[in-house]
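Hi,

Here is the model I promised to pass along.

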Amino acid sequence: MAGWTEKLSRFTQTAVDKGKDVAEITRINIDNAGEESNIRRLLAEIGKYVVESHLLSEDPTVAQKLEKIEACRKKINEGNARIRALKGQELCPNCGGSVNRGARFCDQCGAMMPIANAEVI
């Protein structure tokens, strides 16, 4: 009978040790995922800095990517202009916010909106 209880005790201890190992592996995986996320964020910040500072633009690969970024920005701006047109809005020349067409002042910054097609009396 002593052999059986000893085997059960070893089995239980092995299961506990394995459980601790699994918990430690999970903790390490979570930590690693957090560090990988930090790396992706930092790489994005570096990329943004390079683009905004016009660094490495002489590199053909970077220049090609910059052209693609500009094409994407152009498409976004065209889409936003179309949305504003559908909503009956225009851009504030001061802050760039969306303002209802015909409004005299920007809701966001308070700047006076230019008067379009004003009639001279």
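**Notes on the model**

Let me start with a contact: Arg 10 and Glu 6 form a salt bridge, with 3.0 Å between the closest N and O atoms. (I call it a salt bridge when a side-chain nitrogen of Lys or Arg is within 4 Å of a carboxyl oxygen of Asp or Glu.) The two residues sit 4 residues apart in helix H1, so about one helical turn separates them. Arg 10 is partly exposed at 47% relative accessibility, and Glu 6 is partly exposed at 46%. For burial, the classes are buried under 20% relative accessible area, exposed over 50% and partly exposed in between, with a 1.4 Å probe and protein chains only.

Before going on, the ground rules. This is a predicted model, where local features need pLDDT of at least 70, side-chain atom pairs count only at pLDDT 80 or more, and totals for chains, interfaces and linings use all residues. Residues are numbered from 1 along each chain as its sequence is written, and side-chain values use heavy atoms, with hydrogens and water left out.

**Confidence and overall shape**

The average pLDDT (the predictor's confidence in each residue, from 0 to 100) is 91 for the protein, and 93% of the residues score at least 70.

How does the radius of gyration of the protein sit against that of a compact globule of 121 residues? The protein has 31 Å, while such a globule would have a value near 14 Å. That radius is taken over C-alpha atoms, and the globule rule is 2.2 Å times the number of residues to the power 0.38. The C-alpha trace spans about 110 × 40 × 25 Å along its principal axes. Buried residues make up 9% of the 121 residues.

A search of the whole structure turns up 6 salt bridges. One of them joins the side chains of Arg 27 and Asp 31, at 2.6 Å from N to O. Both residues are in helix H1, 4 residues apart, or about one turn of the helix. Arg 27 is partly exposed at 40% relative accessibility, and Asp 31 is partly exposed at 38%. Glu 24 comes into the picture too: Glu 24, Arg 27 and Asp 31 are linked in a network of salt bridges.

Further along, Arg 41 meets Glu 45 in a salt bridge at 2.9 Å, N to O. This pair also lies in helix H1, with 4 residues, about one turn, between its members. Arg 41 comes out partly exposed at 42%, as does Glu 45 at 43%.

**A nonpolar patch**

Trp 4, Leu 8 and Phe 11 make a nonpolar surface patch of about 390 Å². Patches take residues with over 30% relative accessible area and no salt bridge, joining like charges within 9 Å and nonpolar side chains (Val, Leu, Ile, Met, Phe, Trp, Tyr) within 5 Å. The areas come from the Shrake-Rupley method with a 1.4 Å probe, and for residues only the protein chains shown count as cover. Phe 11 lies in helix H1 and is exposed, with a relative accessible area of 60%.

**Cysteines**

How many disulfides are there? The count is 0, where a disulfide is a pair of cysteine sulfur atoms within 2.5 Å. Cys 92 has its closest cysteine sulfur in Cys 109, but at 3.7 Å that is too far for a bond. Cys 92 is buried, at 3% relative accessible area, whereas Cys 72 is partly exposed at 48%.

**The loop between the helices**

Two residues there are worth a look. His 54 has a positive phi of about 60 degrees although it is not a glycine; His 54 lies in the loop between H1 and H2 and is exposed at 61% relative accessibility. Leu 56, in the loop between H1 and H2, likewise has a positive phi of about 60 degrees without being a glycine. Leu 56 is partly exposed, with a relative accessible area of 46%.

Cheers
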